[in-house]
Amino acid sequence: MIIPALDLSGGHVVRLKQGDFAQKTVFNVDPIKRIFDAANQGAELIHIVDLDGAKDPIYRQRALISKIVKASPLPIQTGGGIRSAFDIENLLNLGVERVVVGSVAVKHPELVRGWLNYFGPEHFTLALDVRLNDGVPYVATHGWLKTSNTTLDQILRHYLPYHIEHVLVTDISRDGMMKGANNNLYAQLYKKYPDLDIIASGGISSLADIEAVAKAGAHSVVLGRSLLEGKFSVEEAVKCWQNA
């Protein structure tokens with residue numbers, strides 16, 4: 001599945017380079033219009049990152065997210081600084097399909113286990129950002145500033161008994177760099193966890209990159225900067241994915 005992404009900050013669509021707010025590009029686009037265009041071109045899900053909420057949940061862009069969800073013809077998955085059951089309940093009540101949970105899944109697994117049991121695993125996407133150390137993916141936290149001592153495999157094996165379905169995996173070194181995805185990583189994940197919905201993210205800049213990550217075994221791919229910069233259309237991406 002092709003999943004167009006919109007990163008939101010201050011009510012605007014933006015992109016960060018490797019998670020750095022000092023390297024922010026603002027795009028003069030209407031997020032709702034972008035979603036309608038994506039739907040008309042074959043997208044089935046939209047990924048929204050609330051960058052303000054990620055910095056501090058107090059500044060979560062609830063009004064904007066609510067407006068987008070109500071207008072969108074497609075289901076929305078969104079996250080950014082999810083730290084409490086209140087955050088999750090609020091977003092689900094707004095009509096969000098899936099809540100994206102990141103660093104808290106590494107730092108406070110007991111909390112996340114409770115959320116999965118209470119709200120249902122189908123309403124979550126685990127977002128795991130990784131750095132490779134001697135070929136082993138370790139999970140990063142704190143907005144990529146710190147790398148934990150926990151491997152990606154350890155996290156996935158921890159949550160599998162709680163029936164997690166959707167896992168968004170980003171190789172930090174690739175994100176925003178437009179140099180292709182880490183296809184070796186996704187191929188390894190597909191081999192180990194064939195039943196997980198592994199969502200690839202980071203580095204996609206061409207249709208050839210999309211074809212390669214699909215062949216590697218990812219079930220879905222999130223596309224951000226490449227679509228905003230017009231490297232290809234959603235329709236072209238969808239066709240490429242289907243034919244890979």
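Let's start with the lining of the largest cavity, which by class has four nonpolar residues, one polar and two charged. Please keep in mind that what you see is a predicted model.

Which residues are they? The largest cavity is lined by P137, L152, D153, L185, Q188, L189 and K192. Two helices each supply at least two residues of that lining, namely α7, residues 152-159, and α8, residues 183-192. Helix α8 has the largest share, with four residues. As for volume, about 50 Å³ of space lies in the largest cavity. And how many cavities of 30 Å³ or more does the structure hold? The count is one.

Now to an open space, the second largest pocket. For those of you who like volumes, this pocket holds about 150 Å³ of space. It is lined by 13 residues, and the closest to its centre are P4, R34, A38, L227 and V234. The elements that give two or more residues to this lining are strand β1, residues 2-9, and helix α1, residues 31-40. Of the elements, α1 gives the most, with four residues. By class, the pocket lining divides into nine nonpolar, two polar and two charged residues.

Let me zoom out to the chain as a whole. Its secondary structure comes to eleven helices and twelve strands. The radius of gyration is 16 Å, close to the 18 Å that the globule rule gives for 244 residues, so the chain is as compact as a globular protein of that length.

What about burial and contacts? Buried residues make up 53% of the 244 residues. Among contacts with a separation of 6 or more, 66% are between residues 24 or more positions apart. The accessible surface comes to about 11000 Å², and 48% of that belongs to carbon and sulfur atoms.

Next, a backbone matter that I think this group will enjoy. Most residues other than glycine have a negative phi. Here are two residues with a positive one. D134 has a phi near 55°, and D134 is not a glycine. Where does D134 lie? You'll find D134 in the loop between β7, residues 124-133, and β8, residues 136-141. Is D134 buried or exposed? With a relative accessibility of 78%, D134 counts as exposed, because exposed means over 50%.

The other one is H163, also not a glycine, with a positive phi of about 65°. H163 lies in the loop between α7 and β10, the strand of residues 166-171. The relative accessible area of H163 is 57%, so H163 is exposed.

N149 lies in strand β9, residues 146-151, and N149 is exposed, with a relative accessible area of 73%. Which residues is N149 in contact with, leaving aside its neighbours within four places in sequence? They are Y138 and Q154.

In helix α3, residues 62-71, you'll find A63. A63 is exposed, with a relative accessible area of 65%.

Finally, take a look at C240, which has its place in helix α11, residues 234-243. Buried or exposed, would you say? C240 counts as buried at 14% relative accessibility, because buried means under 20%. Not counting residues up to four places away in sequence, C240 touches L207, I210 and E211. C240 and A105, by contrast, are 135 residues apart in sequence and 33 Å apart in space, C-alpha to C-alpha.

Definitions and conventions: Residues are numbered from 1 along each chain as its sequence is written. This is a predicted model: local features need pLDDT of at least 70, side-chain atom pairs count only at pLDDT 80 or more; totals for chains, interfaces and linings use all residues. Side-chain values use heavy atoms; hydrogens and water are left out. On a 1 Å grid over the protein atoms alone, a cavity is a set of points where a 1.4 Å probe fits but cannot get out, and a pocket is an open set with protein on both sides within 12 Å along at least five of seven lines; lining residues have an atom within 4 Å of a point. Grid points are joined across faces, edges and corners, and a volume is the space filled by probe spheres set on the points. Ala, Val, Leu, Ile, Met, Phe, Trp, Tyr, Cys and Pro count as nonpolar, Asp, Glu, Lys and Arg as charged, and the others, Gly among them, as polar. The radius of gyration is taken over C-alpha atoms; the globule rule is 2.2 Å times the number of residues to the power 0.38. Buried means under 20% relative accessible area, exposed over 50%, partly exposed in between (1.4 Å probe, protein chains only). Contact means heavy atoms within 4.5 Å. Accessible areas come from the Shrake-Rupley method with a 1.4 Å probe; for residues, only the protein chains shown count as cover.
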